[in-house]
Amino acid sequence: MNTHIVNISDMKFSNHAEDIIVTYSLGSCLGVTAYDPKIGIGAMVHCLLPSADSARDKARDNPFMFVNTGVAMMVRRLMDKGAVKSRLILKAAGGANMRGDTLFNTGLRNFEALEKLLGRNNVSLAAVDVGGTIPRTMFLHLNTGRVVVRSLGKEKEL
Amino acid sequence: MSEVVAIPSCAHKARALLEDPNADLSELGRIIEHDPGLTANLLKIVNASFFSGHRPMRTAHEAIVRLGTTQVLQFVISTGVAPSFVQKIEGYDLAPNMHLQHSVTVAMAAQELGTVLGLDVPDYTFTAGLLSGIGKQILGAYVQVDVHPILELAITEGLSFDQAEDSVLGINHAELGGLLLESWKLPVEIVNVVRYHLRPDEFEGESLALDLVHIGNVLAKMIGVGLGVDGLNYTPSRKVAARLKLTPELIDTVSANVVTSLGGVRDLFINCTEDSCTL
């Protein structure tokens with residue numbers, strides 16, 4: 001079994017059933033998984049910001065930093081490996097916000113960017129665990145496509 | 001509390017460098033400057049009466065230049081840090097390398113914010129940001145605080161985590177960190193930033209470093225590096241945001257720059273998870 005760790009502004013994919021993809025410490029960042037159950041390939045991206053508007057040069061260097069470019073690029077990579085878009089199961093976790101704040105609502109803006117991207121492509125999310133003020137760790141098990149979110153010592157399946 | 005000197009750190013790597021006659025001292029400086037434990041202990045020693053006679057030292061770099069010799073640095077590190085005490089911060093569910101990463105991210109975010117805003121950033125801002133969470137280590141490692149009642153109170157009563165700490169413990173980790181550094185006779189500017197970094201509105205006076213570290217801490221928590229169970233459960237100051245004229249676009253730019261810069265110090269974090277630096 002290999003555990004692939006997704007860092008901030010990073011994406012990992014695998015088609016090995018014994019593998020697990022994980023990302024730690026999701027704060028305002030958004031973790032998004034995509035899994036094609038027919039061929040058993042899946043991926044996870046960890047996006048820092050909603051869009052590249054404030055840092056276009058960085059989107060060129062690393063598209064996975066941003067939700068709008070990162071999630072699209074992840075789906076494209078999976079399709080290059082044989083996944084079919086209509087079969088993909090997408091789930092999202094993270095997008096937390098600071099307590100009682102509206103200026104720093106990066107988490108909310110990240111999730112809105114994801115909804116906008118998916119809406120434009122007629123794709124819907126199968127499950128979400130976003131918002132609040134809690135940190136989250138997200139796991140994708142390649143053998144089944146199971147997604148687990150761990151927060152404050154408790155795990156739940158998405 | 002002044003006896004508490006064992007702050008999780010990469011002391012082993014630093015000591016190995018000191019024992020190497022061909023060691024690159026600039027690399028040693030880089031390690032110390034990115035390590036809350038080594039920086040705190042270095043400033044504690046250099047500001048003690050033994051070395052007094054000049055103005056207080058506020059940055060690790062200044063202190064290294066002042067001390068100068070390898071022998072003195074070796075003394076500082078071997079007396080100031082006890083790696084056997086280095087441990088996970090149980091109460092806050094923070095692995096030591098996670099706290100190190102979070103501390104460095106706060107410091108880098110504070111510095112970067114000032115740079116992006118075009119401000120004349122005070123030289124001790126990075127140091128103050130690096131040390132801002134030091135109170136958590138005291139509460140977690142020595143008092144072995146049970147974080148669950150604090151967390152539960154924060155959730156049920158809608159309090160920020162530091163307010164809940166006040167209710168349960170009678171003190172919050174920022175205030176405790178300030179008291180510790182005050183007892184170590186660190187410069188008052190740094191003590192004030194650490195003490196008020198969660199509640200800058202309570203500070204009577206003006207401190208750009210405090211404003212920058214307050215927002216730097218917010219950004220580090222949003223970026224998510226080294227988050228503990230307290231998560232994002234803190235309230236940003238609207239007054240500070242207004243004073244610095246922050247916008248979502250500016251916050252995004254700073255966050256992107258910080259994450260990119262973190263790549264340049266990742267080797268320090270990896271060193272701290274090696275067997276040689278068992279935490």
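Trainee: Hi! At what angle do the axes of α11 and α12 of chain B cross?

Mentor: Hi! This is a predicted model, to start with. In it, the axes of helix α11 (residues 173–183) of chain B and helix α12 (residues 188–196) of chain B cross at roughly 160° and come within 6 Å. Angles over 145 degrees count as roughly antiparallel, so α11(B) is roughly antiparallel to α12(B).

Trainee: Is that crossing left-handed or right-handed?

Mentor: The crossing of α11(B) and α12(B) is right-handed.

Trainee: And which residues meet there?

Mentor: From α11(B) you have B:Ala174, B:Glu175, B:Gly177, B:Gly178, B:Leu181 and B:Glu182, and they meet B:Ile190, B:Val191, B:Val194 and B:Arg195 of α12(B). By class, that contact of α11(B) with α12(B) holds five nonpolar, two polar and three charged residues.

Trainee: Staying with chain B, which domains does the assignment give?

Mentor: The domain assignment lists domain 1 (11–85) and domain 2 (90–263) of chain B. Their contact takes 13 residues from domain 1 of chain B and 15 residues from domain 2 of chain B.

Trainee: Which element gives the largest share on the domain 1 side?

Mentor: Helix α3 (residues 36–46) of chain B does, with five residues on the side of domain 1 that touches domain 2. That side of domain 1 of chain B has six nonpolar, four polar and three charged residues.

Trainee: Okay, switching to the two chains. How many residues of chain A are in contact with chain B?

Mentor: There are 26 residues of chain A in contact with 27 residues of chain B. The chain A side divides into 14 nonpolar, nine polar and three charged residues.

Trainee: Now the sheets in chain A. What is the strand order of the one with β2 in it?

Mentor: The order is β2-β5-β4-β6-β7 (chain A), an open sheet of five strands with mixed pairing. Its edge strands are β2 (10–14) and β7 (127–130) of chain A, each pairing on one side only. On average, neighbouring strands of this sheet are turned by 10° against each other, ignoring direction.

Trainee: How many bridges join β4 to β6?

Mentor: Six bridges join strand β4 (residues 30–36) of chain A to strand β6 (residues 89–94) of chain A, and the two run antiparallel. A:Ala34, for instance, has A:Leu90 in β6(A) as its bridge partner.

Trainee: Which strands does α2(A) touch?

Mentor: Helix α2(A) packs on the sheet against β2, β4 and β5 (41–47) of chain A, and its direction makes about 165° with that of β5(A). Helix α3(A) packs on the sheet too, touching β4, β5, β6 and β7 of chain A, and the direction of α3(A) makes about 30° with that of β4(A).

Trainee: And at what angle do α2 and α3 of chain A cross?

Mentor: The axes of α2 (residues 67–80) and α3 (residues 106–120) of chain A cross at roughly 50° and come within 9 Å, which makes α2(A) oblique to α3(A). The contact is made by A:Val67, A:Asn68, A:Val71 and A:Ala72 of α2(A) with A:Asn110, A:Ala113, A:Leu114 and A:Leu117 of α3(A). By class, there are six nonpolar, two polar and no charged residues in it.

Trainee: Last one: which strands stand at the edges of the sheet with β1 and β10 in chain A, and what is the order?

Mentor: That open sheet runs β1-β3-β8-β9-β10 (chain A), with mixed pairing. β1 (3–5) and β10 (154–157) of chain A are at the edges with a single partner strand each, so one side of each has no neighbour in the sheet. Strand β9 (residues 147–151) of chain A pairs with β10(A) in the antiparallel sense over four bridges, and A:Arg150 stands opposite A:Glu155 in β10(A).

Note on methods
Residues numbered from 1 in each chain as written. Chains lettered and ligands numbered in written order. Predicted model: local features only at pLDDT ≥ 70, side-chain atom pairs only at ≥ 80, totals over all residues. Contact = placed C-beta atoms within 7 Å. Nonpolar A, V, L, I, M, F, W, Y, C, P; charged D, E, K, R; others polar. Axes fitted to C-alpha atoms, helices over the stretch in contact; angles between N-to-C directions. Parallel < 35°, antiparallel > 145°, perpendicular 65-115°, else oblique. Left-handed = near helix turned anticlockwise from the far one by under 90°. Pairing = 2+ DSSP bridges. Domains from an automatic or database assignment.
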